[in-house]
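Please find below a colleague's note, written for a reader who is meeting this structure for the first time. The points are numbered so that each may be checked against the sequence and the model.

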Amino acid sequence: LAAFSNKFSSIPYVITRRVDFHLSKNPLSNWKYSGAAGVIAISTKVKNVLLQDGVPEKKIAFIPSGVDFGRFKNVQPVSRKDLGFREGDLVVGQVAALAPHKDQGNFLRALAHLASFYPHVRGVLVGDGALKEDLENLSKELGIKEKVLFTGFQEDPLAYLKSFDVFCLSSKEEGLGTSILDAMALGVPVVATRAGGIPDLVKEGETGFMAPVQDPIALSLAIEKVMKLKQTARKQLIHRAREYSRIFDVDHTISGTLKAYQKIIGMKNVY
C-alpha cells in the first residue's frame, strides 16, 4: 500500500526486512524494493541477502531488533510442579511459533538423542501453530512423548522461559531471534543453530553455544556443553550473555530507526 501511495505523492516509504530468505523474483516485489527510499535490515544475514538480491548498499540501514528490558523485571518462573516435572529434571525449552522455519522437529530429535543418555532431561515447547499436531506425533515416534510438554499459546511466556535450564532455538531460517535476547536477559543459557541472524547474538562459548542447521546430533551436543558447565563457568556465561544483550535494548532500535528516517527526509531533528 505504501508503494502504491508513493506513485501519487512525494512521500517516501521505508521497508523493514525481518526475514533472512531471498526476495521474491516477481515484478511486484522488484518494483516495491526499487521504489523504497530505504530498507532496514535487522541482522547481518538479512543485510547480506538484500545486497545479494540487488538492493544498493546506500539504501540499506542496519538496525537490529531490540527488546524492552522493562519486561524482565519481577518475572517469576513456572514451578517444576506446574510444568508436571520433578525437581531434579533438567528442562530444555523453546518459546516460538510452531512453524516450519523454527524447525521444532530438529529440537525434538536433539532432545530424543539427549534423553537416551540423560533420562532426567525434559523438553518444553511454548507456542502454538499449524505444526502442533505433527510435532506431537513426532514426539510419540521418537519415544519422548512423556518427556515433552506442549504448552500452546501462553499470555506470559517469559515465566516459562525463566524456568528453563537451557533455552534452545532450533531454527533453519531466522531474521534475528529476539527470543534469544529474552533468554539472555533472564539469565538462561542459550543454545541455537547458526541460522540467519542468530550469530549476531550467540558468540560461541562466550554468550552461548551453536550448532549447524538441521543437525540434531550437533544440537544435542551443544546442549550437553551447557549441562556439563561447572557452576562458575555457567555463571560467567550467563553474565556475559546478559551484558551483551543490552546492546539490543529497544531504545537503540528506536534511535537507529529515527536516524534512518531523518536521513531520508533530510531533517536534522524532528523534535
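**Notes on packing, cores and loops**

1. At 53% relative accessibility, Q231 counts as exposed, where exposed means over 50% relative accessible area, buried under 20% and partly exposed in between, computed with a 1.4 Å probe on protein chains only. Helices (H or I, at least four residues) and strands (E, at least two) are DSSP runs numbered from the N terminus.

2. This is a predicted model, in which local features need pLDDT of at least 70 and side-chain atom pairs count only at pLDDT 80 or more, while totals for chains, interfaces and linings use all residues. Residues are numbered from 1 along each chain as its sequence is written, and side-chain values use heavy atoms, with hydrogens and water left out.

3. Which residues have the most contacts inside the largest nonpolar core? They are L50, F164, F167, I180 and V202, in a core of 48 residues; a nonpolar core here is a set of buried Ala, Val, Leu, Ile, Met, Phe, Trp, Tyr and Cys residues joined through side-chain atoms within 4.5 Å. Among the elements that give two or more residues to this core are strand 2 (38–41), helix 3 (44–52), strand 4 (90–95), helix 7 (157–162) and strand 7 (166–169). The largest share, five residues, comes from helix 8. A second, separate core of 30 residues includes L125, V148, A218 and V226. In soluble globular proteins, nonpolar side chains tend to be buried together.

4. I180 touches F167, L169, V190, A192, I198, L201 and V202, when residues up to four places away in sequence are not counted; contact means heavy atoms within 4.5 Å. Helix 8 is followed by G187, whose phi is positive, near 80°.

5. The axes of helix 5 (residues 104–115) and helix 9 (residues 216–227) come within 8 Å and cross at roughly 60°, axes being lines fitted to C-alpha atoms, for helices over the stretch in contact, with angles that run from 0 to 180 degrees between N-to-C directions. That makes helix 5 oblique to helix 9, because angles under 35 degrees count as roughly parallel, over 145 as roughly antiparallel, 65 to 115 as roughly perpendicular and the rest as oblique. On the helix 5 side the contact is made by N106, F107, R109, A110, H113 and L114, and on the helix 9 side by P216, I217, L219, S220, I223, E224 and M227.

6. Helix 5 also meets helix 6 (residues 132–141), their axes coming within 10 Å and crossing at roughly 20°. Helix 5 and helix 6 are therefore roughly parallel to each other. Their contact is made by Q104, G105, L108 and R109 of helix 5 together with L135, L138 and S139 of helix 6.

7. Two loop residues are buried. S43, in the loop between strand 2 and helix 3, has a relative accessible area of 0% and, leaving aside its neighbours within four places in sequence, is in contact with F62, G175, L176, G197 and D200. L23 lies in the loop between strand 1 (14–17) and helix 2 (27–35) and counts as buried at 10% relative accessibility. Not counting residues up to four places away in sequence, L23 touches R17, S29, Y33, L50, D53 and V55.

8. Is N74 buried or exposed? At 71% relative accessibility N74 counts as exposed, and it lies in the loop between strand 3 (60–62) and helix 4 (80–83). Phi of N74 is near 60°, a positive value in a residue other than glycine. Q214, found in the loop between strand 9 (209–211) and helix 9, likewise has a positive phi, near 55°, in a residue other than glycine.
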